[in-house]
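Colleague: I am new to this structure and would like to go through it step by step. Please show it first.

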Amino acid sequence: MEQSLFLATLGALFLCGLAADHLGGKTPLPRVTLLLLLGLLVGPSGLGFLPDGIENWFEPISVVALTMVAFLLGADLTRDNMARHGRAIFAISVLIVFGTTAIVWAGLVALGLEPGLALLLGAIATATAPAAITDVIHQSGVRNGFTETIGGIVAIDDIWGLIVFSVCLAFIHQSDGWSAPLAIAVHDIGGAVLLGLVIGAPAAFLSGRLKPGEPLQIEAFGVVFLTAGLALWLDVSFLIAGMTAGAMIANLARHHDYAFNEIERIELPFMLLFFLLAGASLELEALLSLGWITAAYVGLRIVARLISGEIGARLGRVPKPEVHLYGPALLPQAGVAVGMALLAAETVPEWGATIMTLTIAATVIFEIIGPPVTLAAIRRTDCTTAPR
């Protein structure tokens, strides 16, 4: 792409993102949905205004944006927060993952889908969209027990989901033994946690030292880019690495009040581009290509979220007004699901086209309808509960 076209496109995307961000504050829709819809409108599935080659921007921007989100999610995993909400975070996240897998699998099998394929789709359905949920929480301006618990759930539920998915994939693909899928999961999760510890421990001690009590913007850029780059180089999850490093900094950095101010200040332009390009990459054709299977999968995942979220909330002993709200708040689904689908398609190629098409179709739906439901749930708690 020519330099002039690159800069002009970048400028136009920033201004469009700013307009959608401002409009999101004036309407009931969260800015995530508006940005996705705007990206869909100008992308290949819409008017086709974006230049060729823009899809090459999406991966590096998404890695940086999601690593920033991961650091902020890790900031919710403090000792204080876990002491207050740890039971709810653990109960809801585990119930959501296992309940979603079981309900989606059972429903698809009852509708006539092959049990092995249904099991993989059930495991993929466990994934959430941490970027979308985190952005909705920030936009809402609500900080209470519900949002703190949701932040903690989103920080760890994809870890449970990856474990369940790896076990299901190993079970389906036993012909080559259990070792390969499980080894991938151990490497992806364990390696990411180790990387997060290696980066987070010194960062917790060093950040905010040059200017006492105030981490510098260049420190935020350095830690985020270093984490993202090393995670890609080592082929481990940059989300889990970022969450682990963020949790380490939040728990160990005692020489300043809040280590993530600068990340919050620099993340907005990356998030605007991320959601715009995510919208542009959505494929509307996938919505119709599988017909009833898409509708069944979406409906079963919604039912699974509602049932599992409520059971988990009751086991987690959350305040009564919040019990019904955790399932709806966890509807958004995005990149982690696509990553699972890619691995499943490579491992079981005979189901690859169905898995990829269905996952992309569900992503289109849940990325558009999920954030408004999350925002409505958060605003409901702001009216009915007090901070805990």
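Modeller: Buried means under 20% relative accessible area, exposed means over 50%, and partly exposed lies in between, with a 1.4 Å probe and protein chains only. This is a predicted model, in which local features need pLDDT of at least 70 and side-chain atom pairs count only at pLDDT 80 or more, while totals for chains, interfaces and linings use all residues. Residues are numbered from 1 along each chain as its sequence is written, and side-chain values use heavy atoms, with hydrogens and water left out.

Colleague: How many helices and strands does the protein have?

Modeller: Helices (H or I, at least four residues) and strands (E, at least two) are DSSP runs, numbered from the N terminus. By that rule the protein has 16 helices and 0 strands.

Colleague: What percentage of the residues of the protein count as buried?

Modeller: The cut-off is under 20% relative accessible area. The protein has 388 residues, and the share that counts as buried is 55%.

Colleague: Which residues in H5 are buried?

Modeller: H5 covers residues 115-124. This helix is mostly covered, with 9 of its 10 residues buried. They are Gly 116, Leu 117, Ala 118, Leu 119, Leu 120, Leu 121, Gly 122, Ala 123 and Ile 124.

Colleague: Are H5 and H7 roughly parallel or roughly antiparallel to each other?

Modeller: Axes are lines fitted to C-alpha atoms, for helices over the stretch in contact, and angles run from 0 to 180 degrees between N-to-C directions. Angles under 35 degrees count as roughly parallel, over 145 as roughly antiparallel, 65 to 115 as roughly perpendicular and the rest as oblique. H5 and H7 (residues 145-172) pack at about 165°, with their axes 9 Å apart. The pair is therefore roughly antiparallel.

Colleague: Which residues in H7 does H5 meet?

Modeller: Contact means heavy atoms within 4.5 Å. From H5, the residues involved are Gly 116, Leu 119, Leu 120, Ala 123 and Ile 124, and in H7 they meet Phe 165, Cys 168, Leu 169, Phe 171 and Ile 172.

Colleague: How do the residues of that contact of H5 with H7 divide into nonpolar, polar and charged, and what are the numbers?

Modeller: Ala, Val, Leu, Ile, Met, Phe, Trp, Tyr, Cys and Pro count as nonpolar, Asp, Glu, Lys and Arg as charged, and the others, Gly among them, as polar. The contact of H5 with H7 divides into 9 nonpolar, 1 polar and no charged.

Colleague: What is the orientation of H4 and H7 to each other?

Modeller: H4 spans residues 79-110 and packs against H7 with the axes 7 Å apart. The angle is about 40°. H4 and H7 are therefore oblique.

Colleague: Is Cys 168 buried or exposed?

Modeller: Cys 168 in H7 is among the residues that H4 meets, and Cys 168 also takes part in the contact with H5. Its relative accessible area is 9%, so Cys 168 is buried.

Colleague: How many disulfides does the structure hold?

Modeller: A disulfide is a pair of cysteine sulfur atoms within 2.5 Å. The number the structure holds is 0.

Colleague: Which residues does Asn 251 touch, not counting residues up to four places away in sequence?

Modeller: Asn 251 lies in helix H10 (residues 238-252). At 13% relative accessibility, Asn 251 counts as buried. The residues touched are Leu 77, Thr 78 and Arg 79.
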